[in-house]
Amino acid sequence: MVVLLYNPNAQADQHVVGVLEQALRTQGCDLFVDHRKETNIQQAQILVDWIRRADHVVAVISEESSDSETLEFQLETVSAERRKQGKPSLITVRVNSDRPVVGPVGSYVLDEQMIVWNHPSDDNQVVGKVMAGISGTAPVVSAPSLSEPAGAIRPSTRFYTLRKSDADLDSALWAAESVILIRGPRQIGKTSLIGRGAELANALNWRTVSTDFQKLNAFQLTDVDKFCLLLAKTMARQLEVEYDFEAHWVDDFGPNLNLDHFVKTVLRKSEQPLVWFMDEADRIFTAPFASDFYGLVRSWHNARATDPGGPWSRFTVVIGYATEARLFIQDLNQSPFNVGKQISLESFSLHQTTDLNVRYGEPLKRKSDLEGLQFLLGGQPMLTRRALELLASGVMDYASLIESAERDDGPFADHLKRVLFAVSQAPDVLSTLRSSLAFVPVSDSDAVQRLIAAGILRETSDGNATVACDLYAQYLARHLSAR
């Protein structure tokens, strides 16, 4: 069983998809390809079901499709299934470029193992390599490296918007907190805030290490020894410190004690504070060793009291995550999630949206238009920036943006399709969302917390939850009511 994934809106991908589809069917593969530019809840569920049952997934990626949120979600599903059951394998075909894939999709592909297509003369070669990967004669499984994710807003750009969370992080770093927890839903700016914290630490001449757990592959999330050794070696490389892993990384001690010894050794090499920034930390909540690893982080916090003369007072761990930790961590009292300094990221206020509008050259002149955009998008940072970019560039005016916002061919279509795919996977999530769309109060539950983490619902002051913005309400009400 093979699934062929691509972005139907990316014109550059169409030829390669057609060539591969014909070849795979000719070779007798049980193939699924979704050519539809519009989707609904049933189609989303069908595609995800195919991915879960597939032996192989072939992803066609051009520059045009590298920032597709829908394709990102589909590849994220591939990665999650491979962690669970060891398949499907992933074969990547890069269209019109041999450069690394950037954007959200880049988190799930391995550049060195991509098959490159530049011209129709490459058709036969690409088909041959894809078939070799499917037959098992070529390496095809993605294994992303640990590197800074794409899509974050650099703190140095004029488009970076300061929020209360920025001041909170500054204060926590200055206070040398042992654990700083940055929680917020998807695409609200956690990575950008972490980047700003790293800039502050570097400006103070502190040592910093950054780990993006989104870049770990399936094997690294199942083997705790490989996981801890990878973290240590990544830290050693970033800090440019020497450590004799062969002599000091001893199997008998186990991965946690080995990593603990490594971190302590690194701290003793310098009197400078060390800050370890961990992004997308809930990626490992479902790993079999998650509680043990986070227990180790908690032990570093506790060591400040049990070893007051030790180096731990110079060590800070910053953890960025979206999902409520209590859903996955067995004992919060043995984790850092109930002792650290809590920082919550929120959507843009009307004042912040107004300020960002000025930075884009004031494409919106009227206060009523700014209020309309704020109501539509709820201040969601990524959507707000997208809207202002379209308006400032002259691609759309305000009236056409509002009129087409929730359409399947509108300015936010790719993002909205990703949302639809995300909510289609669990009956309890769908039921909770339908209740919220019908204005039935929904209180705390696993489904609610998952929807909040995804940014689809937001918490209200009375302890309930509601749909995060009018755009989601319009789009989801239309698609979830379709049968």
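Between which strand and which helix is the loop that holds Glu280? Glu280 sits in the loop that runs between strand 8 and helix 10 (290–306); helices (H or I, at least four residues) and strands (E, at least two) are DSSP runs, numbered from the N terminus. The views below come from a predicted model, in which local features need pLDDT of at least 70, side-chain atom pairs count only at pLDDT 80 or more, and totals for chains, interfaces and linings use all residues. Residues are numbered from 1 along each chain as its sequence is written, and side-chain values use heavy atoms, with hydrogens and water left out.

View A. Glu280 is partly exposed, at 27% relative accessibility (buried means under 20% relative accessible area, exposed over 50%, partly exposed in between, with a 1.4 Å probe and protein chains only). Gln187 belongs to the loop between strand 6 and helix 6. With a relative accessible area of 23%, Gln187 is partly exposed.

**View B. Helix 5 (residues 164–174) and its buried side.** Buried residues of helix 5 are Ser165, Asp166, Leu169, Asp170, Ala172 and Leu173. They lie on the same side of helix 5, because they cover an arc of only 165° around the axis; the arc is that of the directions from the helix axis to the C-beta atoms. The buried residues pack against strand 6 (179–183), helix 6 (190–203), strand 8 (274–279), strand 9 (315–321) and strand 10 (341–344). Exposed Lys164 and Trp174 are on the face turned away from the buried side of helix 5. Ala176, which follows helix 5, has a positive phi near 55°.

**View C. Helix 7 (residues 224–239) beside helix 9 (residues 254–268).** Two packed helices are described by the angle between their axes and the distance between the axes. Here the axes come within 9 Å and cross at roughly 10°; axes are lines fitted to C-alpha atoms, for helices over the stretch in contact, and angles run from 0 to 180 degrees between N-to-C directions. Helix 7 is therefore roughly parallel to helix 9 (angles under 35 degrees count as roughly parallel). Residues of helix 7 in the contact include Val224, Cys228 and Leu231, and those of helix 9 include Pro255, Leu259 and Phe262. Contact means heavy atoms within 4.5 Å. The residues of this contact divide into 12 nonpolar, 1 polar and 1 charged (Ala, Val, Leu, Ile, Met, Phe, Trp, Tyr, Cys and Pro count as nonpolar, Asp, Glu, Lys and Arg as charged, and the others, Gly among them, as polar).

**View D. The largest nonpolar core, with 44 residues.** A nonpolar core is a set of buried Ala, Val, Leu, Ile, Met, Phe, Trp, Tyr and Cys residues joined through side-chain atoms within 4.5 Å. Phe412, Val423, Leu433, Leu471, Tyr472 and Leu476 have the most contacts inside the largest core. Among the elements that each supply at least two of its residues are helix 15 (413–423), helix 16 (427–437) and helix 18 (470–480). Apart from this core lies another, of 42 residues, including Phe213 and Tyr294.

**View E. Leu480 in helix 18.** Leu480 is buried, with a relative accessible area of 3%. Not counting residues up to four places away in sequence, Leu480 touches Ile41, Leu420, Leu430, Leu433, Arg434 and Leu437.

Key:
Parallel < 35°, antiparallel > 145°, perpendicular 65-115°, else oblique.
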